[in-house]
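Here's a quick briefing to read alongside the model.

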Amino acid sequence: MDTRLRSYLTSMCISKDKGLSLVFNFLEQESNKKITGYEALSHLGDFHSRDVISWMENHVKFPVTEGWDDLFVRSNFSWDDLERWTTLEEKHEVTVIHALEMYVHEKVANNKFPHVISDLPTKSEFIDFLVQFRAKQVIKKRIIPIENVIQNIKIFY
């Protein structure tokens with residue numbers, strides 16, 4: 001059986017805690033800590049669990065746009081996750097940038113993500129956070145997505 005199918009069935013048929021534990025163990029044994037973003041996404045994306053974000057913290061690596069950003073979005077990130085990840089390493093910050101960009105793009109295009117970000121601060125606090133986050137960036141391709149999120153801030157509320 002294809003291991004991705006097995007992970008999908010695990011996400012649908014076993015309790016979230018037990019299923020995630022099984023899939024986390026499989027990924028870590030199978031890949032010797034060299035898990036790609038697309039591999040993680042194909043095995044963990046259907047759990048839609050913030051526990052995946054905690055697990056990702058030790059496994060995410062560049063390039064984050066190869067599945068890691070999508071997995072972050074699919075894992076029902078919260079405001080706490082956004083704040084925390086922007087204080088970690090560069091790879092975590094960039095994951096947040098591209099995840100927010102993906103969230104905005106899909107929400108604007110077709111309202112694809114029904115996920116509501118939990119514990120979101122007021123609109124003005126969120127904008128202040130994004131402005132400060134943007135100020136930390138030096139690469140234009142990281143600044144532009146943050147500006148796009150700021151311009152589309154209404155979709156978060």
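S7 sits in helix α1, which covers residues 3-13. Helices here are DSSP runs (H or I, at least four residues; strands are E, at least two), numbered from the N terminus. This is a predicted model, where local features need pLDDT of at least 70 and side-chain atom pairs count only at pLDDT 80 or more, while totals for chains, interfaces and linings use all residues. Residues are numbered from 1 along each chain as its sequence is written, and side-chain values use heavy atoms, with hydrogens and water left out.

- S7 is buried, with a relative accessible area of 2%; buried means under 20%, exposed over 50%, and partly exposed in between (1.4 Å probe, protein chains only).
- Setting aside neighbours within four places in sequence, S7 is in contact with V23, H43 and F47, where contact means heavy atoms within 4.5 Å.
- L5 is also found in helix α1, but L5 is partly exposed at 42% relative accessible area.
- L5 belongs to a nonpolar surface patch with M1, Y8, L9 and M12, and together they have about 510 Å² of accessible area.
- Patches take residues with over 30% relative accessible area and no salt bridge, joining nonpolar side chains (Val, Leu, Ile, Met, Phe, Trp, Tyr) within 5 Å and like charges within 9 Å.
- Accessible areas come from the Shrake-Rupley method with a 1.4 Å probe, and for residues only the protein chains shown count as cover.

**The nonpolar core**
- The largest nonpolar core has 43 residues, and those with the most contacts inside it are L44, W55, W68, F72, F77, L130 and F156.
- Elements giving two or more residues to this core include α2 (16-31), α3 (37-44), α8 (123-136) and α9 (140-151), while α7 gives the most, with seven residues.
- A core here is a set of buried Ala, Val, Leu, Ile, Met, Phe, Trp, Tyr and Cys residues joined through side-chain atoms within 4.5 Å.
- Leaving aside neighbours within four places in sequence, L130 is in contact with L100, I146, V149, I150 and I153.

**Helix α7 and its surroundings**
- α7 has 21 residues and reaches 30 Å from first C-alpha to last, close to the 30 Å expected at 1.5 Å a residue; the expected span is 1.5 Å times one less than the number of residues.
- Q151 lies in helix α9 and is exposed, at 62% relative accessible area.
- The C-alpha atoms of Q151 and V104 are separated by 9.9 Å, though these residues are 47 apart along the chain.

**Salt bridges**
- The count comes to nine salt bridges, each being a side-chain nitrogen of Lys or Arg within 4 Å of a carboxyl oxygen of Asp or Glu.
- D81 and R50 pair up at 2.8 Å, N to O; D81 is in helix α6 and R50 in helix α4, so the bridge ties together parts 31 residues apart in sequence.
- In that pair, D81 is buried at 11%, whereas R50 is partly exposed at 36%.
- R84 and E57 form another bridge, at 2.5 Å, N to O, linking helix α6 to the loop between α4 and α5 across 27 residues.
- R84 is partly exposed at 42%, and E57 is buried at 18%.
- D70 and R74 meet at 3.4 Å, N to O, both in helix α5 and four residues apart, about one turn of the helix.
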